[in-house]
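Q: Could you take me through how to read a helix and the contacts between chains in a structure like this one?

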Number of protein chains: 4
Amino acid sequence: MIKTAVLGATGYAGIELVRLLSAHPEAEIKILGSKSFAGQKISDVYQNFNHILEMACEETDIDKVAECDVAFTALPHGASKTVIPQILERGVKVIDLSGDYRYDDAAVYEKWYGEKHSSPELLKESVYGLPELHRDRIKSARLIGNPGCYTTCSILGAAPLLKSGLGSTKNIIVDAKSGVTGAGRGLALQTHFCECTENTKAYKVATHRHTSEIEQELSNISGEKIMLSFTPHLIPQKRGILSTIYINLNKPCTSEEVLDVYKEFYKNEFFVRVKESGFLPETKHVAGSNFVDIGVVVDERLQRAIVVSALDNIVKGAAGQAVQNMNLMFGLDEKTGLKNAGFYL
Amino acid sequence: MIKTAVLGATGYAGIELVRLLSAHPEAEIKILGSKSFAGQKISDVYQNFNHILEMACEETDIDKVAECDVAFTALPHGASKTVIPQILERGVKVIDLSGDYRYDDAAVYEKWYGEKHSSPELLKESVYGLPELHRDRIKSARLIGNPGCYTTCSILGAAPLLKSGLGSTKNIIVDAKSGVTGAGRGLALQTHFCECTENTKAYKVATHRHTSEIEQELSNISGEKIMLSFTPHLIPQKRGILSTIYINLNKPCTSEEVLDVYKEFYKNEFFVRVKESGFLPETKHVAGSNFVDIGVVVDERLQRAIVVSALDNIVKGAAGQAVQNMNLMFGLDEKTGLKNAGFYL
Amino acid sequence: MIKTAVLGATGYAGIELVRLLSAHPEAEIKILGSKSFAGQKISDVYQNFNHILEMACEETDIDKVAECDVAFTALPHGASKTVIPQILERGVKVIDLSGDYRYDDAAVYEKWYGEKHSSPELLKESVYGLPELHRDRIKSARLIGNPGCYTTCSILGAAPLLKSGLGSTKNIIVDAKSGVTGAGRGLALQTHFCECTENTKAYKVATHRHTSEIEQELSNISGEKIMLSFTPHLIPQKRGILSTIYINLNKPCTSEEVLDVYKEFYKNEFFVRVKESGFLPETKHVAGSNFVDIGVVVDERLQRAIVVSALDNIVKGAAGQAVQNMNLMFGLDEKTGLKNAGFYL
Amino acid sequence: MIKTAVLGATGYAGIELVRLLSAHPEAEIKILGSKSFAGQKISDVYQNFNHILEMACEETDIDKVAECDVAFTALPHGASKTVIPQILERGVKVIDLSGDYRYDDAAVYEKWYGEKHSSPELLKESVYGLPELHRDRIKSARLIGNPGCYTTCSILGAAPLLKSGLGSTKNIIVDAKSGVTGAGRGLALQTHFCECTENTKAYKVATHRHTSEIEQELSNISGEKIMLSFTPHLIPQKRGILSTIYINLNKPCTSEEVLDVYKEFYKNEFFVRVKESGFLPETKHVAGSNFVDIGVVVDERLQRAIVVSALDNIVKGAAGQAVQNMNLMFGLDEKTGLKNAGFYL
């Protein structure tokens, strides 16, 4: 059994990790780290865990973490900075759900986050934890920068067209819609029920940090420096991201031809489901599961592909992907503990 | 592996059965019966099943069902009538999710359903599939009348007070609130999104069929003929029933004393979680799981207990309970395939 | 034109007052009081008011309030204490939306609110602002205790049966379901979108303060001291309260006979709509309007009436009722500014 | 008083017309046309109208319609074909909410609707009822093609940039998100509450009919033939459309410079609210009102404007705009009956 610590266990990404790990056949939770709820049973904080997992939450104690095989860090921005280097020093692998270790280049981080990177030397060895693109490096990594939710959805949606050269690198638009769990459990007026039910809005237009992650990975794939529009929206549902991606085509082709490129690209990927022509993803098809669904329609009038990709932001966009990375890092079948259909209803 | 047939697989109770059985370690689905979608893959009808279960749906063929160990019948009222006796004749056990086999007395059925019972002789051997009350009889049954969703929630909420004699059998009120999955997948104006979001209403006041089931079981438990008010409400959410049950107390006592009665009554029940004093159930604590949560507050001014019970109507109120019954009928640990925490988010 | 001040204009009751008053043909808003948003335009805080009302919010200045005809106080509990006596002294009428001036007897207030009443002498002259019961006294009042939302819904639902003597004063149960605007705009985990969507729960069981208001008014109507169960629930919608009220009948009668009692009782009331037999209220029928809808089903098996009443908690349960009171206090037709159908969608 | 007929009064656009007209100070409803509910009171079909409007619905009788000044036709596609020419012949003005009379060129209609236009001769005189662009022609029209909901939102969002020449006519993307009222009241699986709550999806990608309307109007404005991507999405809320529009800029400029172009363009328009820099529209700011809100962010990295526009699809996107057109056609202030702030909550 893999001994795991979940640090930041009571946020939404953290508690989804707890849900997945508590049902994982090859992992066990040894530590539930939570500053706010230290001393309380997780099953009092999230009462769905009664009779399932009734461990107490605790403040982070590096000596205790040192007895684990892997630590998942789902900490508030800033808190992970000092903790992660300490954990790594003690020989424990880290899968970090923050943005800190997702960058090839500290300068990009610093530009989009507006602050100095605290441990740029770790960026050299950290691996961007998107298994569909970096599986081999993940297997031997000791520090994973687990990708953002918008990012996973957008990169996997665009990658095949850019890798194949069929898609133009100019004029790419990613218009993304996210459920409210993406905003976290912290209190804010914008996540008050009465403010966000029956409401849709765009936010952080042209400035959202995930833009830089998407650009980094798509540039790597295409071999060209890509800059694109990424527009996040908040929609009145809990789970799910739907990205609508507009990519001009370098030559005329049909929806079926583009779908063939996607099917080939993802032919060995269990967690990516390329839809047949005429079908499109919906967030309810992926909610509660680790799948990314991708559909394509080519607008032949405009020689443009409209790619629609969907995932559950706290599963494939956070906790599920982290477990998938853990599986790879410890030599398990990457599907272990993640083979469920989602709940649909 | 237990070979199972799910007849009526594409309704909401049916597809939840498919979700649970497809992840069950000791059962396999051999038949997905669906009149409306015969010939289509279940993963086209419910696209969350892509890469998980891609079997085709089919019309019911008794010869094929005869090769299974158990059939779950989640058929429209009326359709099950002719099918179930035929299945039983072929030696296959049946867990029926309709109301047809839940009654001790055909006359009660006929009064509340307004029609003759088609096979009253089967009522003698059918067992009311509420494991917390009838576990032993379920183990040896070949025909289970799987309880209704409102019913399970209400009976388990009231049983300890009535069994103990602490609760009065007079003036019992069950005020129940249900999510919209309870209304099924059939098209109706009242389940149109724009009609039922931002809306709460009572319906079938004083006439809902589940009243008779609740009265039957509580009368059996208390040893007195009980008649009570049961009022169902439709609330704008998918999953979940919350029953608020008002029972006058035969002597003064505190919340803690009543909770002790509940804890004792359910001390061996994994799927019933009695809350500590000061905590109350919420539907999100049980959504996606097979748990029933029960809390109690005694209003000492009025010498009355207010019991709040909650479950997921399509899990413990339908599909999960059916799987729990199957587990018992086939000698498995009744928790098999049902030990998850629910999804909370 | 009636000159009005809205103190506490940026809470949910306050902003609904602003919405109603800004469209009222005989009133004008002179002051928008808001501690948190002083200096900001109301149309920046609630951007639906752009092009409609672009006044700035300000901190309460008693000298300015003194130039108004009436002040609506929708202040946090405690804040109104010192302000209201000062306003009254300056000859300005007050319609207070807090619980402070709703009681005949300071002792009842003190028992349920757990603190001394700050100005018990004002309770003698303050009038409980439920026009359907106290219209004449409201007309000449200078201080109105505007009823609570649960309260209005419950009192108007039960009053005719208790006034007529047809309903028993024993074993009355009020099971009420409220939308989330009732919890106000303040930040709290329980009103976070992800916590309250897809969720239903009971809260403050047997201890909610509105119990005492309901008991006071129903006791006055019936001439007997009434104690009853009142159970509030939080349901995942913005607006609306639905109360399901159980009252035993002192003699056998039909739904139609009870409905006749209601129709007679409310025959001159524009804002109370008694449903025909076979119809029941739904919160969407009243959302956005000042109506209370009431339906009745008699369970003849049990000799019990189940009364269902519905209103919009921030209109008839707060701001609309306050405007109705203002209309009465200033000699206007009480329907002025309130004659709309609600929005349904 | 303008005598009006609402034909198709019980659909969602129809009932919103009824809501607006029943409160309109200069109009009265003479006919409520409804095939499905003929003979029933509108207040039984939509019970929010009790005590407000209790007229019976009726089947369309051209002789009765002939006594009105104007008929609003909100009929199912096809039904309006025969009725509208007859009404016009009788000297009654028509405001048609279908797509039939929105086109300059029957060929465009026929391409996107896949059928022959039934009365192409009427297209010559019908006026596209978008007051912000065609006010003068609307004033003297006898037949209005009232614009679609997506269309109004998208055209008004893009018009200033294209009119000014600052925006490129190439690579325009309109990514639109709509609430479920846009799908109408007819029963369909996709509008079942359990299917569309907690779900977001794209639909009719590259093929939605409104594309052709948007292209027609923007081509007229810019003087160039424009073809663009329009992608509609269904989001889990009742009211509201948010369009995110991507337009490349022909020269570098700032958000403020682009906003100045918008403010100038709409300086005399009451119903268009251009946001200040740093503010963006949300659907809840416009819900229930006739406003269109527009915000702009320029991504200077990409020399691209991201325009966000929002409206209520059944008000400014249907019924409200129809009333605005009626006001213009009958010489009233166009704001009559439409000056409310929306409901926000």
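This is a predicted model: local features need pLDDT of at least 70, side-chain atom pairs count only at pLDDT 80 or more; totals for chains, interfaces and linings use all residues.

Q: How many Å should helix H10 of chain A span, and how far apart are its end C-alpha atoms?
A: The expected span of a helix is 1.5 Å times one less than its number of residues. For helix H10 of chain A, which has 13 residues (210-222), this gives 18 Å, and the end C-alpha atoms are 18 Å apart, which agrees.

Q: Is H10(A) largely enclosed or largely open, and why?
A: A residue counts as buried if 20 or more other C-beta atoms lie within 10 Å of its own. In H10(A), 10 of the 13 residues are buried, so the helix is largely enclosed by the rest of the structure; among the buried residues are His210(A), Ile214(A), Leu218(A) and Ser222(A). The cover over these buried residues includes helices H5, H7 and H8 together with strands E5, E7 and E9 of chain A.

Q: What does the backbone do just after H10(A)?
A: There, Gly223(A) takes a positive phi of about 80°.

Q: How many residues does the contact take from chain A and from chain C?
A: Chain A and chain C each give 13 residues to their contact. On the side of chain A, helix H9 (residues 193-196) gives the most, with three residues, and that side divides into seven nonpolar, four polar and two charged residues.

Q: Which elements of chain C give two or more residues to the side that touches chain B?
A: This contact takes 38 residues from chain C and 37 from chain B. The contributing elements of chain C include strands E7, E10 and E13 and helix H12, and by class the side of chain C has 17 nonpolar, 10 polar and 11 charged residues.

Notes
Residues are numbered from 1 along each chain as its sequence is written. Chains are lettered from A and ligands numbered from 1 in the order in which they are written. Two residues are in contact if their C-beta atoms, placed from the backbone, lie within 7 Å. Helices (H or I, at least four residues) and strands (E, at least two) are DSSP runs, numbered from the N terminus. Ala, Val, Leu, Ile, Met, Phe, Trp, Tyr, Cys and Pro count as nonpolar, Asp, Glu, Lys and Arg as charged, and the others, Gly among them, as polar. A residue is buried if 20 or more other C-beta atoms lie within 10 Å of its own, exposed if 12 or fewer, and partly exposed in between; C-beta atoms are placed from the backbone.
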